[in-house]
Amino acid sequence: MKNRKPGYFVTGTDTGVGKSVAAAKLLQQLDGDYWKPIQSGLEEEIDTRVVQHLSGLPDSRFHPSTYNLTQPLSPHESARRDGVVIDMTAFVPPTPPRPLIIEGAGGVMVPLNDSAMMVDLMVQLDYPVLLVARSTLGTINHTLLSLALLKNRGVTVAGVILNGPLNAANREAIEQFGQVSVVMEIPHLTPLTPGSLGDFNPPLSLPGHTP
């Protein structure tokens with residue numbers, strides 16, 4: 001499948017690195033729509049609701065997940081416990097008139113079924129990828145490993161988003177050794193609310209994006 005609509009696939013170096021916060025900010029800045037292909041953990045607060053709350057956008061901008069799994073686990077394990085097999089041919093992205101922000105589950109190499117990983121879904125959907133990473137200690141290794149895997153699979157990497165306290169040294173190292181641009185930095189916002197996120201307007205250096 002070749003993508004003919006504007007948008008980005010938001011992935012992360014790990015679980016809990018701030019993909020949903022980054023997705024909400026991207027929705028605000030790009031005036032986009034949101035789609036999470038696989039939602040794990042319906043018994044907890046799901047990412048779609050978090051992103052909608054933080055972005056302040058209406059229901060019409062949020063598209064149904066292809067798979068909704070009950071347990072907050074890796075998709076393959078959550079699917080197994082629900083008696084579901086994730087079928088890669090089932091993923092058909094919505095085609096809104098606005099940029100589509102797609103949020104993955106976990107990191108690049110999270111298993112989806114017995115043979116496919118999250119990166120395989122990125123390759124299949126063929127959207128440019130934005131990699132969300134922590135700004136703090138340890139991020140260089142995790143980020144460079146994720147970038148190497150994405151590039152090895154031929155995925156177009158649009159840039160890295162750093163989440164956490166501003167760290168110039170880590171940013172420079174990621175850009176230098178990863179040969180990639182850090183396109184946005186999101187510091188810890190306390191409290192994290194729709195208002196604080198909306199008032200925070202970081203530079204976003206994506207090709208073709210005009211603030």
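**Close-up 1. Strand E6 is largely enclosed by the rest of the structure.** In this predicted model, eight of the eight residues of strand E6 (residues 100-107) are buried; buried means under 20% relative accessible area, exposed over 50% and partly exposed in between, with a 1.4 Å probe and protein chains only. Strands (E, at least two residues) and helices (H or I, at least four) are DSSP runs, numbered from the N terminus. E6 is joined to E1 by five bridges, and the two run parallel. E2 also pairs with E6 in the parallel sense, over three bridges.

**Close-up 2. Seven strands form an open sheet.** Their order is E4-E2-E6-E1-E7-E8-E9, with parallel pairing; two strands pair if DSSP finds at least two bridges between them. At the edges are E4 and strand E9 (182-186), each pairing on one side only. Take a look at Gly 12 too: its bridge partner in E6 is Gly 107, and in E7 Gly 12 stands opposite Val 132. Strand E1 (residues 7-12) and strand E7 (residues 129-134) run parallel, joined by four bridges.

Close-up 3. Contact means heavy atoms within 4.5 Å.

**Close-up 4. Tyr 34 and Phe 62 make a tilted aromatic pair.** A search of the whole structure finds two aromatic pairs. In this one, the ring centres are 5.6 Å apart and the planes are at 50°; rings of Phe, Tyr and Trp (its six-membered ring) pair if their centres lie within 6.5 Å, with planes under 30 degrees apart counted as stacked, over 60 as edge-to-face and the rest as tilted. The pair links distant parts of the chain, with Tyr 34 in strand E2 (residues 33-35) and Phe 62 in strand E4 (residues 62-63), 28 residues apart. Tyr 34 is buried at 0% relative accessible area, and Phe 62 is buried at 11%. In E6, Ile 101 is the bridge partner of Tyr 34.

**Close-up 5. Asn 170 sits buried in helix H6.** H6 covers residues 168-178, and Asn 170 has a relative accessible area of 11%. Leaving out residues up to four places away in sequence, Asn 170 touches Ser 135, Thr 136, Leu 137, Thr 139 and Ile 140. A polar atom of the Asn 170 side chain lies 2.8 Å from the backbone oxygen of Ser 135.

Residues are numbered from 1 along each chain as its sequence is written. Local features need pLDDT of at least 70 and side-chain atom pairs count only at pLDDT 80 or more, while totals for chains, interfaces and linings use all residues; side-chain values use heavy atoms, leaving out hydrogens and water.

Technical notes:
A polar contact is a pair of N or O atoms within 3.5 Å; within protein, one must be able to donate a hydrogen and the other to accept it, and residues adjacent in sequence count only if both atoms are side-chain atoms.
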